[in-house]
There are 2 protein chains.
Amino acid sequence: MNDTPSPDDGAPVKVRKAERTRQRILDTSLRLFREVGYEATTMRRIATEAEVSLGNAYYYFRSKDHLIQEYYGQAHREHLVACRSLLEEETDLRARLAGVLHAKIATSEPYHRFAGQLFRTAADPTSPLSPFSPESAPVRTEATELMARIVDESETRVPKVLRPELPNLLWLYLMGIILFWIHDASEGAERTHRLIERTVDIVVRLISLARLPVLRPLVQTAVSLTQELRQLAAPALPEASS
Amino acid sequence: MNDTPSPDDGAPVKVRKAERTRQRILDTSLRLFREVGYEATTMRRIATEAEVSLGNAYYYFRSKDHLIQEYYGQAHREHLVACRSLLEEETDLRARLAGVLHAKIATSEPYHRFAGQLFRTAADPTSPLSPFSPESAPVRTEATELMARIVDESETRVPKVLRPELPNLLWLYLMGIILFWIHDASEGAERTHRLIERTVDIVVRLISLARLPVLRPLVQTAVSLTQELRQLAAPALPEASS
DNA sequence: GACTCCTTTTGAACGTGTTCAACAAGTAGA
DNA sequence: TCTACTTGTTGAACACGTTCAAAAGGAGTC
């Protein structure tokens with residue numbers, strides 16, 4: 001069992017062991033979340049199946065909720081993989097945006113039931129699991145950067161007013177789609193995919209329409225609103241701007 | 001104690017007693033929600049303070065969540081009272097809309113902390129407490145009718161495309177404001193009130209802009225989207241159309 | 001009163017997430 | 001080897017929401 005061959009760098013075996021325990025708990029959790037859903041996955045069951053005591057699970061993860069933060073990360077990484085080729089080949093903005101959204105829904109599908117139950121916790125503003133919480137900042141930032149990439153590497157020119165805020169707006173749009181998907185009980189999330197097809201058109205149209213003089217003040221307000229939103233979520237948000 | 005003078009109509013005293021017990025539990029719950037928040041209000045405490053056994057509370061209310069449905073109703077009634085004079089006197093759409101929204105936030109203020117915790121449950125799509133759930137339909141309908149009244153009795157003409165769907169759109173807008181308010185920790189919800197002032201302008205502007213030929217297709221799509229949303233929430237929604 | 005039937009009420013019991021004092025196991029210095 | 005010290009681990013205990021079999025109460029009928 002204790003196969004730790006050639007501990008390179010003289011790294012302490014202790015750390016390794018702790019890391020393995022942590023990983024075992026994490027893997028078991030994510031598997032159970034997928035297999036039996038959020039609520040049926042009790043901390044006792046996680047502990048039992050990970051061959052660890054109940055208290056030990058709490059040593060590594062402060063609460064059941066905190067286990068979910070890990071899910072966010074994993075889900076995002078899977079999404080990135082699913083998007084890669086599309087982002088490398090496609091240059092049309094509409095196609096890029098639609099593709100990324102469809103991929104998000106598709107990769108999330110195994111976790112559909114889980115996500116529904118999870119949402120209950122994630123929607124709580126005081127919860128560290130809220131997508132707006134400081135704890136979620138890393139994943140949120142990564143996701144926003146993905147949105148920026150969709151736009152930047154496309155052939156569409158974005159009106160200047162919109163440019164700095166557009167990735168955040170698109171991230172909000174993604175959150176909206178996910179919200180819809182969570183409620184969507186249709187076969188294969190077919191309705192959500194149709195929703196994407198229809199709303200992507202609007203969004204792309206709006207991006208160009210933002211140029212229109214009539215709409216200028218509107219756009220200005222909308223942009224400043226998202227800034228307000230951001231302030232609301234994080235009173236002090238230390239973010240590396242790139 | 002047993003003061004049931006002149007049981008008119010020969011109504012069975014039994015029913016009266018049951019009704020009183022139910023009311024006592026309900027009053028105690030709402031008071032505790034206000035005073036100590038959602039989570040600190042345990043079913044045991046409600047039972048104790050209502051001078052009733054724990055099981056008895058469950059006889060009248062299927063779960064802690066169901067107690068909240070009652071809160072929705074009460075909150076809406078308080079909102080109506082707070083709006084009355086404004087709706088009778090004011091005819092300008094912007095002023096009417098802003099007034100109603102400000103009133104909603106103001107009357108909800110005592111429940112701010114409670115609402116934050118509550119939201120955790122209410123955001124769960126499978127929860128009967130979701131504002132989109134069938135169980136919430138009565139209050140939702142009433143609130144939507146209030147939105148219709150804001151528009152109908154104002155002096156502003158609404159473009160035909162928008163008319164049937166506008167109350168629902170405004171209700172969604174209200175939900176958005178409440179969502180912001182829940183996250184808003186500023187003194188006296190001052191930020192939410194500012195948000196209302198700014199967004200009301202946009203909304204009113206959008207209502208007139210909906211006439212613009214350029215935007216026609218956009219508006220069309222937006223309208224049909226809300227219909228989609230409605231379908232999502234309630235697979236079979238029996239609603240009295242007036 | 002005695003009987004039946006339905007409504008109301010009780011409190012013990014279950015499984016849950018979480019906490020915590022205690023213990024075990026490694027690690028490093030003497 | 002002995003001695004601290006940190007890290008990792010345990011399981012009992014707590015309060016919670018919820019359930020349920022059983023008891024009590026009340027109303028009508030004989």
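This passage describes the protein surface around DNA strand D and the packing of two helices in chain A. The model is predicted, so local features need pLDDT of at least 70 and side-chain atom pairs count only at pLDDT 80 or more, whereas totals for chains, interfaces and linings use all residues. Residues are numbered from 1 along each chain as its sequence is written, chains are lettered from A in the order in which they are written, and side-chain values use heavy atoms, with hydrogens and water left out.

Of the DNA strand D atoms within 4 Å of the protein, 55% belong to sugar or phosphate and the rest to bases.

Polar contacts (pairs of N or O atoms within 3.5 Å) involve both chains. A polar side-chain atom of A:Lys17 is 3.5 Å from a phosphate oxygen of DNA strand D, and a polar backbone atom of B:Met43 is 2.9 Å from a phosphate oxygen. In the side chain of B:Arg44, an N or O atom lies 2.7 Å from a base nitrogen.

Within chain A, the axes (lines fitted to C-alpha atoms over the stretch in contact, with angles from 0 to 180 degrees between N-to-C directions) of helix 4 (residues 64-89) and helix 5 (residues 93-108) come within 9 Å and cross at roughly 145°. Helices are DSSP runs (H or I) of at least four residues, numbered from the N terminus. The contact between helix 4 and helix 5 of chain A comprises 8 nonpolar, 4 polar and 3 charged residues.

Terms used: A residue is near a molecule or strand if one of its heavy atoms lies within 4 Å of it. A polar contact is a pair of N or O atoms within 3.5 Å; within protein, one must be able to donate a hydrogen and the other to accept it, and residues adjacent in sequence count only if both atoms are side-chain atoms. Ala, Val, Leu, Ile, Met, Phe, Trp, Tyr, Cys and Pro count as nonpolar, Asp, Glu, Lys and Arg as charged, and the others, Gly among them, as polar.
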